[in-house]
Amino acid sequence: MPFIHEDFLLTNEYGRRLYHGYAQGEPILDYHCHLPPEDISSNRRFRNLFEIWLEGDHYKWRAMRANGVSEEYCTGGADPHQKFLAWARTVPDTLRNPLYHWSHLELKRYFGFDGLLDESTAEHVWTLANEHLEAEDGRVFGILRRFDVRAVCTTDDPTDSLVHHRAIADSDLPTKVYPAFRPDRALGVDRPDAFNPWVSALERAADCEIGSLDDFLNALERRHDFFHSMGCRLSDHGLSYAYSDFPAESEAQATFESARDGIPATPSEHARFAAFMMLRFGQLDAARGWTKQMHLGARRDNRTRGFLAAGADTGFDSIGDWPQAEALSRYMDRLDRENALPRMILYNNNPNDNYTFATMLGNFQDGVIAGKMQFGSGWWYLDQKEAMEWQLNCLSNVGLLSRFVGMLTDSRSFMSYPRHEYFRRVLCNLLGRDMENGELPRDEALVGNLVKRLSFSNAREFLRLEGV
């Protein structure tokens, strides 16, 4: 039997029936990812397996570094084929790391490879994959059709022209592709060297001069409105923790002016300015009926030499351990008191905070919108089998699993769609085990309907993306 077989990860009969009867055929709604819109609009053809599989994959780079592989074969200048061979030699040493599961599931679903990747099979896999990539269904449009991806939400800076989204909308691609508003750089008053060039880009994008904080806020609102006109219905923030030390507007104005003069904000000034801005972004999202996503708890760019050599998002980030509850409570409560708390999906990168986040969100369910406050799927270091089960169990214990909006890829790779299959197999195995143990009714239709909702329809109904 091949390693990836039809009952992979399904260890009980009820789980197998739930997966094959209810989850397997559901389409995909990938409501948060980092796919490049230009790759979609150009219907990119990948020249080889490296480009579609290893290009930009910091998970694999971390494993390779841990295995003693030189940086030349990770982010360096080695030939793409040699980089792939270095990864193939690493794969046998990833046993029990989720990369072992993901890699073989991806090779099976994209290229039909049933074996195990290692140094002895690497050349065969390279040739097999490259032959598949030459076909039309190996291009971006073909991949999205093959996996029945109904919608994709990319992650986009407010200064982006969204020209590629326009091109996608005018193409014959059946998948809907929408931007998501990621305004994190608007908080950067502690780094005027980066903040001021970004403000200049915002001026151009919003077609207005920015001479004051009011001008700055107006420009961001213009871009928010433009994104809305392009189908955007989600924002996103990647923060260490929620900001909630709210200053008077006069203080925020002074901090903004100092940054524009090239004077970096102190840590406390930055935190208070960020709280001011996050309050404004919450108000904008609520006014337009958007869903706000917040990714909290990552400790980024830990290794200075690695960051300076390879840049951000190259595998030098880890789980952070900041106190979260008090600031998150103040932030959400301030918006709620103003009747400006938008729909929210909160993602946690530290498993110690699972119950903190899930119970905090329960405080702000409003009795009007079902599942308005969402405890998001396992993120980053937690998007693997064990942590998916932690998230599902936590949400089940203190909230309503039945209202959960399910899985996403959060990926830069077009080979990540089997992550939805992986999640669905974990979900069905978990629920099937409960049925087998008598902890859930042995009513296949009842539990199967829950599986279908968590696979697709809950996300579609909650996010209300036009045309999905």
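## What counts as a salt bridge

A salt bridge here is a side-chain nitrogen of Lys or Arg within 4 Å of a carboxyl oxygen of Asp or Glu. Go through this predicted model with that rule, and you end up with 30 salt bridges.

## A pair at Arg 44

Start with Arg 44, which teams up with Glu 51: their closest N and O atoms sit 3.2 Å apart. Are these two buried or exposed? Buried means under 20% relative accessible area. Arg 44 has 16% relative accessibility, so Arg 44 counts as buried. Glu 51 comes in at 8%, so Glu 51 counts as buried too.

## Two more pairs

Next up are Asp 148 and Arg 150, whose side chains meet in a salt bridge at 2.7 Å, N to O. Asp 148 is at 30% relative accessibility, so Asp 148 counts as partly exposed. Arg 150, at 39%, counts as partly exposed as well.

Then there's Lys 292, which forms a salt bridge with Asp 285; the closest N and O atoms are 2.8 Å apart. Where do Lys 292 and Asp 285 fall, buried or exposed? Both of them are buried.

## A linked network

Some salt bridges share partners, and that joins Asp 39, Arg 44, Arg 47, Glu 51 and Glu 55 into one network.

Technical notes: Residues are numbered from 1 along each chain as its sequence is written. This is a predicted model: local features need pLDDT of at least 70, side-chain atom pairs count only at pLDDT 80 or more; totals for chains, interfaces and linings use all residues. Side-chain values use heavy atoms; hydrogens and water are left out. Buried means under 20% relative accessible area, exposed over 50%, partly exposed in between (1.4 Å probe, protein chains only).
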